[in-house]
Structure formats: C-alpha cells, structure tokens
Amino acid sequence: MAGTRPRSAASACSGLSGPGRSLEAGITIGELGEFGLIDAIAAAMPAAPGAIVGIGDDAAVLRVCDPRIVATTDLLVQGRHFRTDWSGPADVGCKAAAQNLADVAAMGAVPEALLVGLAAPSALPVTWATGLASGLAEEAARAGAHVIGGDVSEASLIMVSVTAIGTMAGREPVTRSGARPSDVVAVAGRLGHSAAGLALLRAGLTEPVAAVAAHRRPQPPYAAGPEAAALGATAMIDVSDGLLADLGHVAAASGVLIDVETARLDPAAPLLEAAAVLDVRPLEWVMSGGEDHALAATFPPDAVLPPHWVVIGRAHEGQGVRVDGTNYAGPFGWEHFS
C-alpha cells in the first residue's frame with residue numbers, strides 16, 4: 001500500500017462498476033484494479049494515531065516512544081496455513097495479525113503497528129480482501145496496534161505477509177537465551193485449543209464450536225508479554241509450533257534442560273469435549289499443538305506470579321526438554337519442511 005495516491009473507495013469503484021454494480025455484487029480484485037483494491041482495503045482500516053504518515057505514501061512514518069524497535073514477520077500461504085473452506089477472510093486476517101503481534105509480545109514489547117502484504121489471484125472477490133482487512137484491523141486493535149501500510153500483488157494463490165512493529169517502552173527485551181537452572185517455567189494463555197479445532201475440521205466436523213473457533217481465531221495474551229518483562233522474566237517465547245517444541249528453542253538458546261510436569265497441564269473444557277468426540281488424548285494437543293500463541297516464559301524461582309501465569313515446570317542443568325523427568329517419545333510440535 002506504499003507508493004500510491006490515495007483515492008476514496010467509492011471513486012475507485014465507480015469507474016469500474018457499471019449500473020447497479022457494487023463490491024457486494026461480486027467484483028473481483030482484477031476488475032477493481034491495484035489502486036482500487038488498495039483504496040478498498042484502506043477504507044476498512046481505522047486511522048493509526050501514532051502514524052505521522054499512513055497508508056497512501058511511499059512509506060509509513062511512525063511516532064514511537066522508545067528508540068528500540070521490535071520487528072517481526074510471518075507468511076501465511078493458502079492451503080498450507082489456512083483453507084478458505086474452513087476459515088473466512090476475517091478469520092485469516094485475525095490469525096495473520098495474531099501470530100505476528102504475539103511475537104512482539106514475546107519480546108516483552110508493546111505492539112504498535114502492522115505492515116501487510118497481500119498476493120492473490122485476480123479472480124478473488126474484493127469482499128474477500130476487505131474481509132481480510134477487517135480481521136487484521138480487529139485483531140490489531142485488540143493488541144493496541146494499527147495497520148499502517150503494505151503492498152498488493154497478483155499470484156496463483158492467496159498469500160498474506162505481515163510485519164509487526166513494537167517498542168520496548170523503556171524495558172529490556174526478553175529473549176530466548178536468558179533462562180537459568182532453577183528458574184520456573186510458566187505459561188499465560190491457551191494451550192492445545194487450536195490443535196483441537198484443527199483435528200475437528202480435518203475430521204469434517206465444526207463442533208464443538210469453541211475449539212473450532214480457537215483454531216480460526218487464536219487469542220494471544222498480548223498484555224502478558226510486557227507484564228512478564230516487568231515481573232523479571234529471564235526468557236520468553238510464544239507457543240506457535242507447540243509447547244514442547246518452543247520450550248526446546250528456549251532450552252537450546254539458554255543452555256538448560258527444561259522439565260515439564262504434566263500434572264500441571266490441565267486440559268480445558270473445549271479440549272475435553274473435542275477429545276471425547278474424536279476419542280483421543282487431549283494432553284497431546286496441550287503439549288504439541290501450535291497456533292494458540294500462548295506465551296511461555298521462565299522466571300526466577302522466587303518470582304511472585306499472577307494467577308494467569310501458570311507454572312508448568314522448571315529449568316535445570318543440562319539440555320533439551322523432558323516430560324515428567326523422562327525423555328518424551330511423542331511429537332514435540334510442528335516443523336516446517338519436514
């Protein structure tokens with residue numbers, strides 16, 4: 001959405017529509033054209049109060065309170081990360097925003113802005129693109145951020161790339177490499193819900209509704225990231241690939257052994273309901289399911305944690321991840337290119 005001259009969505013459509021034709025009537029992004037599409041997407045985005053220059057110029061200019069900027073990016077590919085028969089465009093927008101905003105929070109930072117790239121076939125309805133924009137804007141607002149720019153292009157399938165920007169707001173960044181032996185390991189947010197929803201959808205089911213909704217729209221605990229930094233977190237990561245897999249990244253970066261105690265992993269009601277329908281063990285979803293974007297962090301053993309930070313284990317001398325003191329033979333989580 002950079003390098004464009006702003007126009008109104010109405011004016012962009014008027015020259016292409018014809019009598020009685022509207023976005024709701026099924027105009028495609030190919031018919032609307034690049035700049036009309038940008039205008040339609042921009043119309044779905046609320047103005048960013050922190051943006052000195054927003055959508056419509058060569059680049060956005062953002063006013064921030066801390067010179068230390070946090071930046072992260074993720075890519076979603078149709079058929080790989082989402083299916084249009086399982087998720088609506090607003091769902092895809094929410095998920096794309098959430099997985100990036102959670103990465104910012106996992107550094108102990110405050111989310112500020114998103115940059116969004118959309119590539120799609122020219123036959124894609126404009127309403128799908130504007131639905132995506134609405135979902136992006138909705139989830140960004142939940143984190144206190146805004147969409148401030150991006151780009152569009154044609155492709156053979158839908159791809160969404162999001163770059164999230166945050167600031168440290170006076171705190172030091174919390175990385176994966178600071179965990180120490182004797183630290184406690186705690187989690188804020190949901191575990192296994194998205195995996196349960198995915199399992200239901202793969203089985204051709206749309207109920208129980210709560211688990212399916214969690215897969216379509218994860219709800220990361222954004223505020224828990226800066227909170228963890230203030231509580232003295234020594235390391236932190238968002239759970240995108242699976243609890244054990246992501247704790248493995250912390251263990252490797254910190255040079256410690258992390259032991260997870262399954263007695264502290266209490267599957268929530270939506271997981272128990274989904275497990276009863278599919279006749280599976282819900283604990284596997286909790287330990288290896290990804291895309292909930294909960295936050296996992298290590299804290300000094302004497303840290304006083306609020307109730308929504310649930311202690312699930314401890315760091316020790318050694319390396320790797322164990323479960324209940326032994327090597328775990330089950331899946332650890334998702335791995336790309338495997």
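**Pockets, sheets and helix packing**

The second largest pocket has a volume of about 220 Å³, and the largest pocket has one of about 1,000 Å³. The model is predicted: local features need pLDDT of at least 70 and side-chain atom pairs pLDDT 80 or more, while totals for chains, interfaces and linings use all residues. Residues are numbered from 1 along each chain as its sequence is written, and side-chain values use heavy atoms, without hydrogens or water.

**Pockets**

- A pocket is an open set of points on a 1 Å grid over the protein atoms alone, where a 1.4 Å probe fits and protein lies on both sides within 12 Å along at least five of seven lines; lining residues have an atom within 4 Å of a point. Volume is the space filled by probe spheres on the points, which are joined across faces, edges and corners.
- The largest pocket, at about 1,000 Å³, is lined by 38 residues, and Leu198, Ser240, Gly290, Glu291 and Trp334 are the closest to its centre.
- At least two lining residues of the largest pocket come from each of strand 3 (69-77), helix 4 (89-106), helix 6 (193-202), strand 8 (235-239), helix 9 (243-254) and helix 11 (282-288). Helices (H or I, at least four residues) and strands (E, at least two) are DSSP runs numbered from the N terminus.
- Helix 6 contributes the most to the lining of the largest pocket, with five residues.
- In the lining of the largest pocket, 11 residues are nonpolar, 14 polar and 13 charged (nonpolar: Ala, Val, Leu, Ile, Met, Phe, Trp, Tyr, Cys and Pro; charged: Asp, Glu, Lys and Arg; polar: the others, Gly among them).
- The second largest pocket has 15 lining residues, with Gly189, Arg190, Leu191, Asp266 and Val310 nearest its centre.
- Nine nonpolar, three polar and three charged residues make up the lining of the second largest pocket.

- Six strands form an open sheet with mixed pairing, in the order 8-10-7-11-9-12 (a pair needs at least two DSSP bridges).
- Strand 8 and strand 12 (320-323) are the edge strands; each has a single partner strand, so one side of each has no neighbour in the sheet.
- From one strand to the next, the twist averages 25° (axes are lines fitted to C-alpha atoms, for helices over the stretch in contact, and angles between N-to-C directions run from 0 to 180 degrees).
- Strand 7 (184-188) pairs with strand 11 (310-316) in the antiparallel sense over four bridges, and valine 184 has arginine 314 in strand 11 as its bridge partner.
- Helix 4 packs on this sheet, touching strand 8 and strand 10 (294-299), and its direction makes about 170° with that of strand 8 (contact: heavy atoms within 4.5 Å).
- Helix 9 also packs on the sheet, touching strand 7, strand 8, strand 9 (257-260), strand 10, strand 11 and strand 12; the direction of helix 9 makes about 155° with that of strand 8.

- Strand 4 (110-120) and strand 5 pair in the parallel sense over eight bridges; leucine 114 stands opposite valine 147 in strand 5.

**Helix 6 and helix 7**

- The axes of helix 6 and helix 7 (209-216) are 7 Å apart, and the helices pack at an angle of about 105°.
- His193, Ser194, Ala196, Gly197, Leu198, Leu200 and Leu201 of helix 6 meet Ala211, Val212, Ala214, His215 and Arg216 of helix 7.
- The residues of this contact divide into seven nonpolar, four polar and one charged.
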